[in-house]
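Please keep the sequence and the model in view while reading.

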Amino acid sequence: PKIAFGQPWTIPDMQLEMVWMPPGKFRLGSSVLEKGRGQDERLTEVVLSRGFWLSKYEVTQGQWALLMRARPSYVEGEKFPVEHVSWNDAAAFCRKMTESERRKGSLPRGFVYSLPSEAQWEYACRAGTTTAFSHGNEAGGLDKYAWSSANAAKRTHPVGSLRPNQWGLYDMHGNVLEWCRDAYGEYPKSRAIDPKGPSIGEKRVARGGSIL
């Protein structure tokens, strides 16, 4: 079925809100003129042929505790992001959520909860923009959208406290780093359709920004 842009999908027991990201294309990576650019960030056109839902907020400690029966965080609070978790922990959370929702009959056939691919994450973070940040090229004004070393006082903050990007997603540029599904590897050398990145490797991709 055709799904409207931004269509929400809420998991009631978890109070977890997800937002529909439509199919589309974008340029993965960054310009050689962009400040702080890494040598491995060459610009590559990426097509995402299928839409997906992404959590509106970072997963909170309250949500994590409901499913995992633990609160592995340095700065504690029900609405604060869970932040002391490994990639394996995050993948296990997604598997358990899939199993739980399937038992309830509330997850459509063929659907799973998972970490986003790096391409999906950047597509959602950019939200249709081509600038260094979703609000523009300059770091000025970032404090309205992201908790960083400049404004966070060396601690995390409740999710959704600042402004969202143009597609309604919060804390994409800061607060805590966010795990992606891919293992670390090179970007595609040419135009790519639905790239997934390596499935195994010594390092996993984490995107966004953190308070430190």
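Which residues of helix 2 are buried? In this predicted model, they are Trp-87, Ala-90, Ala-91, Ala-92, Phe-93, Cys-94, Met-97, Thr-98, Ser-100 and Glu-101. The points below place helix 2 beside other elements.

**Helix 2**
- Helix 2 comprises 18 residues, 87–104, and spans 26 Å from its first C-alpha to its last, close to the 26 Å expected at 1.5 Å a residue.
- The cover over its buried residues includes strand 1 (8–11), strand 2 (16–21), helix 1 (61–68), strand 6 (178–183) and strand 8 (204–207).

**Helix 1**
- Helix 1 is largely enclosed by the rest of the structure, because 6 of its 8 residues are buried.
- The buried residues are Gln-61, Gly-62, Gln-63, Trp-64, Ala-65 and Leu-67.
- Strand 2 and helix 2 are among the elements that cover them.
- Just after helix 1, Arg-69 adopts a positive phi of about 60°.

- An open sheet of 3 strands has the order 3-4-7, with mixed pairing.
- Strand 3 (24–28) and strand 7 (192–193) are at the edges with a single partner strand each, so one side of each lacks a neighbour in the sheet.
- Strand 4 (residues 44–48) and strand 7 run parallel and are joined by 2 bridges; Val-46 stands opposite Ala-192 in strand 7.
- Helix 3 (residues 118–126) lies across strand 3 and strand 4, and runs at about 95° to strand 3.

Notes:
Residues are numbered from 1 along each chain as its sequence is written. This is a predicted model: local features need pLDDT of at least 70, side-chain atom pairs count only at pLDDT 80 or more; totals for chains, interfaces and linings use all residues. Side-chain values use heavy atoms; hydrogens and water are left out. Helices (H or I, at least four residues) and strands (E, at least two) are DSSP runs, numbered from the N terminus. The expected span of a helix is 1.5 Å times one less than its number of residues. Buried means under 20% relative accessible area, exposed over 50%, partly exposed in between (1.4 Å probe, protein chains only). Contact means heavy atoms within 4.5 Å. Two strands pair if DSSP finds at least two bridges between them. Axes are lines fitted to C-alpha atoms, for helices over the stretch in contact, and angles run from 0 to 180 degrees between N-to-C directions.
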